[in-house]
Amino acid sequence: MPSPTAIGIDFGGTTIKCALVEDGKIVERGQLIDTLHTGDHSAIIEALLDRILELRRIRPDTVAIGIGFPGIVDSINGIVHRLSNVPGWNDVPMCDILRRRTGLHAAVENDAKSMAYGEWKYGAARNGKDILCMTLGTGVGGALILDGRLYRGANLGAGEIGQTSIDYQGRTGNYGNLGALEKYVGNAQIAERAQKMYEKAGKLVPIEQCTPAILDDAAKAGDQVAKQLWAQLGLEIGVALANAVWLLNPDTIVIGGGVARAGNLLFEPILSVIRSATMPTFYENLRVVPAELGNDAGIIGSATLALDSLPRA
């Protein structure tokens with residue numbers, strides 16, 4: 001019997017990506033949707049339905065649709081309550097809309113949880129049982145696989161490591177939480193910190209030249225300011241992860257997102273902190289690894305979640 005095919009959709013703050021997924025692999029990609037210039041949520045839904053129709057023409061045997069959203073999602077009832085960077089999404093019954101308009105089974109999930117599910121099933125966390133996934137980008141997201149199952153928590157919001165504190169008197173987070181990790185290691189915060197560090201070192205560097213990708217190249221070329229910044233970022237992320245290691249005792253930590261492409265510049269200080277702040281019992285068999293599926297993790301995870309939630313005969 002051929003493997004079932006699903007449409008996976010990764011709903012980003014600027015673009016929406018969609019593709020046909022089979023056995024954890026993308027077999028056909030749809031056209032991107034621009035979330036910045038599409039209008040309200042109704043217009044975006046219509047654009048999504050157009051892409052779904054196009055992909056179903058290619059694979060009429062498609063059986064499900066899965067979407068990962070960057071915000072607060074009720075994955076049990078299929079409702080998108082609020083999105084982080086896209087206005088106009090307030091208590092949208094997304095699964096009902098998709099099922100009614102397409103006739104297909106549909107599932108919605110938070111985007112970090114979708115990414116984690118993809119990495120667990122087909123990526124860096126394969127064969128893991130207790131896993132923490134962290135995504136580093138505009139913000140810092142997270143998700144948990146515990147005892148071999150996606151863990152959502154009492155109100156479906158578990159895993160938000162970016163909102164945990166690394167300094168109880170630190171910067172104010174989006175929810176009034178002092179010292180929130182993402183207020184130190186989000187893309188914008190990294191650029192601001194780099195610019196200030198360069199200025200302190202006597203160099204005027206435009207903020208546009210302080211992106212994680214540019215800082216990565218600079219550090220690998222020997223730039224001392226960039227190297228110092230990556231060491232500090234690794235320390236801060238390591239502090240948050242050490243706390244999570246004490247709490248969860250995971251066997252695998254997967255780190256994804258653009259910031260994670262810095263590789264050993266970031267991973268070495270993270271590992272150093274975990275080893276110095278926990279015990280051998282916790283870190284000796286702990287794998288701290290970069291995500292493998294890259295920008296496709298959300299698509300693959302969303303599609304796989306939809307397939308795995310299909311009603312059983």
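Arginine 152 is partly exposed, at 23% relative accessibility. Buried means under 20% relative accessible area, exposed over 50%, and partly exposed in between (1.4 Å probe, protein chains only). This is a predicted model: local features need pLDDT of at least 70, side-chain atom pairs count only at pLDDT 80 or more, and totals for chains, interfaces and linings use all residues. Residues are numbered from 1 along each chain as its sequence is written, and side-chain values use heavy atoms, without hydrogens and water.

Arginine 152 pairs with glutamate 109 in a salt bridge. A salt bridge puts a side-chain nitrogen of Lys or Arg within 4 Å of a carboxyl oxygen of Asp or Glu. Glutamate 109 is buried, at 2%.

| Pair | Closest N to O |
|---|---|
| Arginine 101 – glutamate 46 | 3.0 Å |
| Lysine 129 – aspartate 147 | 3.3 Å |

Arginine 101 sits in helix α2 and glutamate 46 in helix α1, so their bridge ties parts 55 residues apart in sequence. Helices are DSSP runs (H or I, at least four residues), and strands are runs of E (at least two), numbered from the N terminus. Lysine 129 is partly exposed at 44%; aspartate 147 is exposed at 52%.

Now the helix packing. Helices α3 (residues 111–122) and α10 (residues 297–308) pack at about 80°, with axes 7 Å apart. Axes are lines fitted to C-alpha atoms over the stretch in contact, and angles run from 0 to 180 degrees between N-to-C directions. The two helices are therefore roughly perpendicular (65 to 115 degrees).

Conventions. Parallel < 35°, antiparallel > 145°, perpendicular 65-115°, else oblique.
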